[in-house]
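Open the model in your viewer and keep the selection tool at hand.

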Amino acid sequence: MATVVSPVAPPQPATNQSHMHPLPPSVFTLPQTAQLEALYTIIRSKDTSRGDFLFYSDRIIRLLVEEGLNHLPVVKRVVETPTGATYEGVGFEGKICGVSILRAGEAMEAGLREVCRSVRIGKILIQRDEETALPKLFYSKFPQDIASRYVLLLDPMLATGGSAMKAVEVLIEHGVPEDRIIFINLIASPEGLRTFCTKYPQLKVITGWIDLGLNEKAYIIPGLGDFGERRYCE
Amino acid sequence: MLDEVTPPTDEPTRIATPKLENLTFQPKKNTVLVSHGRPPWYGEDGHRISDAFVVGIAGGSGSGKTHVARQIVRALGSIPSVVILSQDSFYKHHTDEELALAHASAFDFDHPDSIDMPMFASCLADLKSCQQSNIPIYSFTTHQRLEETQYLYGAAIIIAEGIMALQDPGLRELYDLKLFVQCDSDLMLARRLKRDVAERGRDVDGILEQYLRYVKPAYDNYVLPSQRHADIIVPGSNNTVAIDLICTHIRRKLLEQSHHFRQKMAIPHLYASPSGTVIPECKVEDLDLTILPQTRQLQGIFTILRSQATSRQDFIFFVDRLSTLLMEYSLQYLPYAPRTVTTPVDATFAGKALSVKYVCGVSILRSGGALERGFRRVLNDVPMGSLLVQSNTSDGDGEPLMLHVMLPVCVRKRHMAEEAWVFLLDAQIGTAAAAFMAIRILLDHGVKAEHIIFVTFLVARGGGVSVLRRAFPGVKIVTAGVDDIMQEGWLNHSREGEENLPGRQVWAMVPGLGQIGDRYYL
């Protein structure tokens with residue numbers, strides 16, 4: 001850019017800050033502005049219609065994906081502009097793909113594709129094994145060359161972190177290095193984040209909001225209920 | 001010469017079916033007529049430098065006031081924008097008793113008291129001072145003022161006509177030129193008879209009774225005496241010379257105005273040096289710009305958009321992505337208030353909600369349209385207006401012209417505009433001429449400067465933005481990037497089959513993005 005300065009008047013801050021201090025070094029949140037808080041207020045409310053839930057959760061997802069992409073490397077690139085001037089800019093480096101954790105993660109695909117046109121998207125289905133009470137891989141389908149790509153792992157809610165960690169384990173088995181995975185998430189619980197980041201300290205986590213904690217049923221509090229359910233079924 | 005005159009229209013009945021032979025150019029009343037766009041009406045400091053020119057035309061019923069007004073509009077020819085304001089619109093709201101009388105043809109519509117003079121004057125004053133006005137609509141079928149109003153804005157010349165147009169001192173103060181249309185009583189009665197019989201199916205006795213009871217006394221007592229206030233008495237027919245004199249006067253007045261102010265007008269290259277770089281050198285910190293955080297992705301998007309090798313498909317995709325980011329960023333500057341909700345797991349969340357009464361977008365066409373998809377991805381349910389501002393290439397001075405104004409209802413109505421937040425969209429701020437005019441239009445409507453958020457991809461630091469900033473310090477300008485300079489250039493518009501067309505002088509940003517509108521739309 002020709003000139004870079006910071007914004008003049010800071011936007012109104014959110015009153016309800018993240019419930020985790022300090023953040024693990026691999027965790028990044030969106031700027032906690034009043035506007036973002038207002039978006040969350042809409043999708044959290046149980047009285048919000050499905051149409052509004054879709055629209056406003058999409059807005060947050062787009063912001064999360066944009067933030068996630070900022071952690072990808074760029075290289076210097078010089079172009080000629082239509083006015084005949086040369087411009088020293090940057091070019092995107094490296095191939096990416098999305099991987100959504102079914103079913104709720106799929107809801108983030110539309111937002112991803114709005115930002116990264118025709119990006120490849122792999123899928124993972126992980127469910128709790130009723131015998132062992134541990135997350136178990138049921139299904140996965142990835143692009144063949146996933147090992148050479150940066151992976152944006154999509155799951156809206158990080159509660160205990162069980163299925164996210166299982167998904168990362170599967171990706172690593174497929175040859176994706178840990179530091180090439182970016183986990184993109186709408187709402188995280190502090191305990192889930194802590195477990196996750198302790199196990200995978202190299203993996204960057206982009207989360208929109210860190211909530212108070214979990215209830216006895218392992219739902220995030222205050223949370224927004226079951227994301228997949230609200231997005232697809234209600 | 002009875003068959004030559006236009007039927008008088010200041011009477012409580014209206015004919016709606018136009019005859020085929022009448023379908024020639026007939027300037028409509030209460031409509032802003034535009035011929036070639038309106039040049040700036042404000043100075044470099046952003047303040048209005050001239051009022052609209054107001055002509056008041058009075059005269060008896062059937063004397064030919066409307067005819068004179070239309071002749072003036074026609075004779076003026078290429079004038080920026082005119083509105084003919086009719087006194088008929090300002091009949092008072094009637095009580096039930098008055099209504100009963102009106103339907104029995106026993107209500108005196110010719111008395112000055114039947115006209116809402118204060119409202120007439122306040123609407124005219126608003127229009128004269130270049131504000132919008134929402135004038136009342138009077139229904140002649142129900143004899144009542146309707147709930148709805150008609151929005152008027154942007155006339156450089158206003159012609160107010162009606163039998164009582166020179167009656168009220170408050171109105172008279174607003175006129176720059178006062179005309180009285182003179183006509184013999186017998187001719188006026190003859191026209192009235194002819195019209196009422198032919199078009200309203202009334203019998204001669206009834207017409208004469210009404211004439212003697214209301215029309216004639218009103219004319220003698222109020223209308224005729226008001227001619228002493230007139231600057232010029234115009235004959236109702238065979239008045240070519242008079243019309244010519246009047247038009248010469250109006251043109252001279254308008255020209256004086258524009259000569260007087262031309263030097264001060266906000267035409268960017270008048271304060272730009274011919275070499276291309278612009279005085280004065282200003283620091284970006286002084287411009288009070290709100291600049292999108294320069295992340296890697298943003299730099300990458302800009303590199304793609306700036307490259308002339310970028311395909312149209314990619315250009316559109318990345319413009320849409322960038323406008324979405326810009327809009328999300330801009331929305332931070334709206335006010336938010338606390339709001340507590342209950343989540344589906346029965347927990348409460350003390351959050352926030354947008355706390356504004358009205359929000360809307362207004363895009364400056366054509367290139368402001370490139371921000372509309374991003375706008376819609378973020379605000380899907382708010383009104384979206386548009387303004388068309390083009391630079392005047394015909395006489396080469398490149399002054400901006402207002403060609404089209406289509407604003408959301410929440411801006412049209414002044415009491416709403418005062419509480420509205422407006423996102424003004426344009427692809428870039430170069431000379432800032434269009435931005436300047438657009439902001440002035442919103443301020444004219446009563447929108448607060450602090451409630452205007454100008455959203456743009458690129459600002460030229462050395463362009464007109466410094467003048468814009470000085471004139472409108474309260475407006476927030478959110479931009480994705482800042483370029484250093486503006487460069488003079490020629491834009492070739494030759495297409496196949498029409499070669500050798502002269503190019504058009506333009507100011508381009510360097511390094512810039514090229515013509516964003518062309519790259520996005522063509």
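Predicted model: local features only at pLDDT ≥ 70, side-chain atom pairs only at ≥ 80, totals over all residues.

Domain 1 of chain B takes residues 2-10 + 29-262, and domain 2 of chain B takes 286-337 + 349-521. Each of the two is therefore written as two segments in the assignment.

Next, select the residues where these domains meet. On the domain 1 side of chain B there are 16 residues in contact with 17 residues of domain 2 of chain B. Colour the domain 1 side by class: 7 of its residues are polar, 6 are nonpolar and 3 are charged.

Now bring in chain A and select the contact between the chains. Chain A contributes 51 residues to this contact and chain B contributes 55. On the chain A side, four elements supply at least two residues each: helices α1 (34-44) and α2 (50-69), and strands β2 (74-80) and β3 (86-92). Which element gives the largest share of the side of chain A that touches chain B? It is α1(A), with 7 residues. By class, this side of chain A has 26 nonpolar, 16 polar and 9 charged residues. For the complex, the predictor reports an ipTM of 0.86 and a pTM of 0.85.

The mean for chain B is 83, with 83% of its residues at 70 or more. Two strands mark the ends of the range among the elements of chain B: β15 (residues 420-425) has the highest mean pLDDT, 97, and β19 (residues 485-491) has the lowest, 65.

Then select residues 261-279 of chain B, where pLDDT stays under 50. The model has 36 contacts for this stretch beyond four places in sequence. Residues 493-499 of chain B are also below 50 in pLDDT, and that stretch has 6 contacts beyond near neighbours in sequence.

The last stop is Asp231(B), which sits in the loop between α6 (204-223) and β8 (232-235) of chain B. Leaving out residues up to four places away in sequence, Asp231(B) touches Leu177(B) and Lys178(B). Draw a distance from Asp231(B) to Leu177(B): their C-alpha atoms are 6.5 Å apart, although 54 residues separate the pair along the chain.

Key
Residues numbered from 1 in each chain as written. Chains lettered and ligands numbered in written order. Contact = placed C-beta atoms within 7 Å. Nonpolar A, V, L, I, M, F, W, Y, C, P; charged D, E, K, R; others polar. pLDDT = per-residue confidence, 0-100.
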